[in-house]
Amino acid sequence: MAEPTPIPKPESLVDKIYGHHASASSSDSDDDKKKSKHDVVKPKVEDDKPSTHDSVKSKIFRLFGREKPVHKVLGGGKPADVLLWRNKKISASVLGGATVLWVFFELLEYHLITLVCHLLILSLAVFFLWSNASTFINKSPPQIPKVQLSERTVLDLASALRIELNRAFHILRDIASGRDLKTFLGVIAILWILSVVGKWFNFLTLFYITFVLLHTLPVIYEKYDVQIDAFSEKALIEFKKQYAVFDAKVLSKIPKGPLKEKKKD
């Protein structure tokens with residue numbers, strides 16, 4: 001006699017509710033695991049990005065091998081602000097004052113001593129008349145400021161000048177001693193160019209041109225540094241090629257000095 005097949009019990013409402021919550025919680029836990037995996041991997045990718053960016057950034061060619069912004073290369077502070085036109089009024093007034101002095105001395109052919117004496121005569125006459133006339137016109141006399149240089153300021157300026165002069169003498173001594181032929185030839189070329197330019201302009205005009213260039217070239221370089229650096233890199237590569245040819249054909253045939261022979265020994 002065959003056994004009767006068991007009839008499945010109908011699911012109660014409580015089992016349905018618990019089963020639904022169990023499936024939901026299991027799916028939520030799976031999603032949380034996936035999210036946690038992504039969260040673990042993501043910071044690694046983000047941490048890797050700055051290192052690659054820094055490595056690429058370090059390979060970029062910079063003019064004169066600079067690694068700092070132009071403002072810091074110029075020393076920072078107010079002088080750099082003036083040269084980079086951070087305050088346009090101050091920079092324009094400085095450049096305008098230099099232009100006025102150049103016009104006075106170069107175009108109008110004023111002499112320095114004559115100009116200083118005329119300015120002193122005018123200022124002293126104005127203050128003298130104002131001080132004596134103040135009693136008659138019932139106005140207060142002019143307040144003339146007291147100008148006095150402190151001993152510390154003078155000593156600091158003298159010390160800074162002494163350090164720079166000693167540094168220049170040390171560099172000239174190293175160049176003249178014959179230790180570095182490349183530096184020697186570079187200095188000779190620069191001095192020769194200056195001697196040629198000195199024939200075209202007098203000292204005052206040359207100083208004024210240098211002053212104008214200091215107020216224009218840094219601003220242009222700061223604005224177009226990427227293009228200028230790329231062009232400079234190409235020019236430097238070409239210069240190194242030409243120098244290698246010149247070294248192989250000319251410099252290598254020059255007899256070496258005693259200092260270089262001692263270094264090799």
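**Exercise 1. Locate Ile 190 and decide whether this residue is buried or exposed.**

Ile 190 is found in helix α7, where a helix is a DSSP run of H or I with at least four residues, numbered from the N terminus. The next step is the accessibility, for which buried means under 20% relative accessible area, exposed means over 50%, and partly exposed lies in between (1.4 Å probe, protein chains only). At 51% relative accessibility, Ile 190 therefore counts as exposed. The model is predicted, so that local features need pLDDT of at least 70 and side-chain atom pairs count only at pLDDT 80 or more, while totals for chains, interfaces and linings use all residues. Residues are numbered from 1 along each chain as its sequence is written, and side-chain values use heavy atoms, with hydrogens and water left out.

**Exercise 2. Find which helix gives the most to the nonpolar patch.**

Begin with the members: Phe 184, Leu 185, Ile 188, Ile 190, Leu 191, Leu 194, Phe 246, Val 250 and Ile 254 make a nonpolar surface patch of about 770 Å². Such a patch joins nonpolar side chains (Val, Leu, Ile, Met, Phe, Trp, Tyr) within 5 Å, and like charges are joined within 9 Å, from residues with over 30% relative accessible area and no salt bridge; a salt bridge is a side-chain nitrogen of Lys or Arg within 4 Å of a carboxyl oxygen of Asp or Glu. The areas come from the Shrake-Rupley method with a 1.4 Å probe, and for residues only the protein chains shown count as cover. Helix α7 (residues 181-200) gives the most, with six residues.

**Exercise 3. Describe how Trp 102 and Tyr 208 pair, and what the pair ties together.**

Rings of Phe, Tyr and Trp (its six-membered ring) pair if their centres lie within 6.5 Å, and planes under 30 degrees apart count as stacked, over 60 as edge-to-face and the rest as tilted. The count by this rule is four aromatic pairs. One of them joins Trp 102 and Tyr 208, which are stacked at 5.0 Å centre to centre with 10 degrees between the planes. Because Trp 102 lies in helix α4 (residues 88-107) and Tyr 208 in helix α8 (residues 203-214), the pair ties together parts that are 106 residues apart in sequence. Both Trp 102 and Tyr 208 are buried.

**Exercise 4. Work out why the pair of Phe 203 and Phe 207 is stacked.**

The ring centres of Phe 203 and Phe 207 are 6.4 Å apart and their planes are at 25 degrees, so the pair is stacked. Phe 203 and Phe 207 are separated by about one helical turn, because they are four residues apart in helix α8. Both Phe 203 and Phe 207 are exposed.

Note on methods. Helices (H or I, at least four residues) and strands (E, at least two) are DSSP runs, numbered from the N terminus.
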